[in-house]
Amino acid sequence: MPAGAHALAHALRARHGDAVQAILLYGSCYRRGDDRDGLVDLYLLVDGYRSLHGTGLAALVNRLLPPNVYLLETRIGERVLRAKYAVLSLDALERGTSRRAFHSYFWGRFAQPTALLYARTDAIAARVRAALAEAVATFVARAVPMLPDEFDARMLWQHGLVLSYRAELRAERAESVHALYAAAPAHYASLTRAALARMPSVATSVGSAEAGRYRVQLPAAVRLRGRLGWGGRRALGKTLSVLRLAKGVFTFRGGPDYILWKIQRHSGVAVDASPRARRHPLLAAWGVVWRLYRRRAFR
């Protein structure tokens, strides 16, 4: 757990008051337990967008294309902590992690390690934990049809994470995604056992439970639907990612520079934003995106 995580959660509660239902911590700073490099990733779960934004445009776009993303800064002694926090209603979290959710934007994220920093009540905490468990079950159910007949937890998560990242305009290379599993193999193995136990008609253990290997026998039609589903997610996700980036220009202070830094950090491809791009990001961004695409920043 990063040292400043609870200080950031306290700052969020002070900023948004009674609208806050829960606060989640995820991402690279959480996995490393270090908040000194980069921005801490938080999700702010709210009871409704109007309670946070009022009745203006921000509430509308947060509902139509969640989440809105903002910058948070607070101090611990002489140190400045920075986080980007995404605003999402608890209802939207439950919908986005359920088996009914087509795109992987939410269930792909929240199947990964996530910490509950704050919940207003025990009942809200239980709802959040149930949604996180459902995200894992949904992720596994969507990944299994894309695997060979026999697989292990490593194959499931590495391949599933690559698929979910490619369903967005994200700059993660395959080896970086594979490192996510390598950071916590026992954790992912435990999640795999629990999720596949809910799918007894699909998967059976091969050998002892400790061996961690599974076998599936899926009809060809199920595998075809799986391939078509991921193709659809990839096509839809690219469009939604561009729209979310455009929206972030208005909600996230220093958005263009942060986005380019993030792309360079994960892909190794550096592109400078001109003064014109910073002044008029929506008009100039398309040329920057095209240069990044041609240099294979997006895989």
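Modeller: I'll begin with the surface. The chain exposes about 14700 Å², and carbon and sulfur atoms supply 55% of that area. Areas come from the Shrake-Rupley method with a 1.4 Å probe; for residues, only the protein chains shown count as cover. This is a predicted model, where local features need pLDDT of at least 70 and side-chain atom pairs pLDDT 80 or more, while totals for chains, interfaces and linings use all residues. Residues are numbered from 1 along each chain as its sequence is written, and side-chain values use heavy atoms, without hydrogens or water.

Now go inside. Of the 299 residues in the chain, 51% are buried. Buried means under 20% relative accessible area, exposed over 50%, and partly exposed in between, with a 1.4 Å probe and protein chains only. The chain has 14 helices and eight strands. These are DSSP runs numbered from the N terminus: helices are H or I with at least four residues, strands E with at least two. Contacts here are heavy atoms within 4.5 Å. Among contacts between residues at least 6 apart in sequence, 68% join residues at least 24 apart.

The largest nonpolar core holds 77 residues; Leu42, Val140 and Trp157 touch the most other members. Helix α7 (residues 122-143) gives this core its largest share, ten residues. Such a core is a set of buried Ala, Val, Leu, Ile, Met, Phe, Trp, Tyr and Cys residues joined through side-chain atoms within 4.5 Å. In soluble globular proteins, nonpolar side chains tend to be buried together.

Look at Trp157. It lies in helix α8 (residues 153-166). Trp157 counts as buried because its relative accessibility is 0%. Beyond four places in sequence, Trp157 touches Ala111, Val136, Phe139, Val140, Tyr181, Tyr188, Leu191 and Thr192.

Turn to Leu42. Outside four places in sequence, its contacts include Leu8, Leu12, Ile23, Tyr26, Ala83, Lys84 and Leu117. Tyr26 also belongs to an aromatic cluster with Tyr43, Tyr105, Phe106 and Phe110. Rings of Phe, Tyr and Trp (its six-membered ring) pair if their centres lie within 6.5 Å; planes under 30 degrees apart are stacked, over 60 edge-to-face, the rest tilted. The whole structure has eleven aromatic pairs.

Charges meet rings too. The charged end of Arg109 sits over the ring of Tyr105, 3.8 Å from its centre. Arg233 does this over Phe102, at 4.8 Å. The test is NZ of Lys or CZ of Arg within 6 Å of the ring centre and within 35 degrees of the ring normal.

Another arginine is covered. Arg223 is in helix α11 (residues 220-251). It counts as buried because its relative accessibility is 13%. Leaving aside neighbours within four places, Arg223 contacts Val144, Pro145, Met146, Leu147, Pro148, Asp149, Val216 and Leu218.

Strand β6 (residues 150-152) pairs antiparallel with β8 over three bridges. Pairing needs at least two DSSP bridges. Glu150 stands opposite Arg215 of β8. Strand β7 (residues 203-206) also runs antiparallel to β8, joined by four bridges. There, Ser205 has Tyr214 of β8 as its bridge partner.
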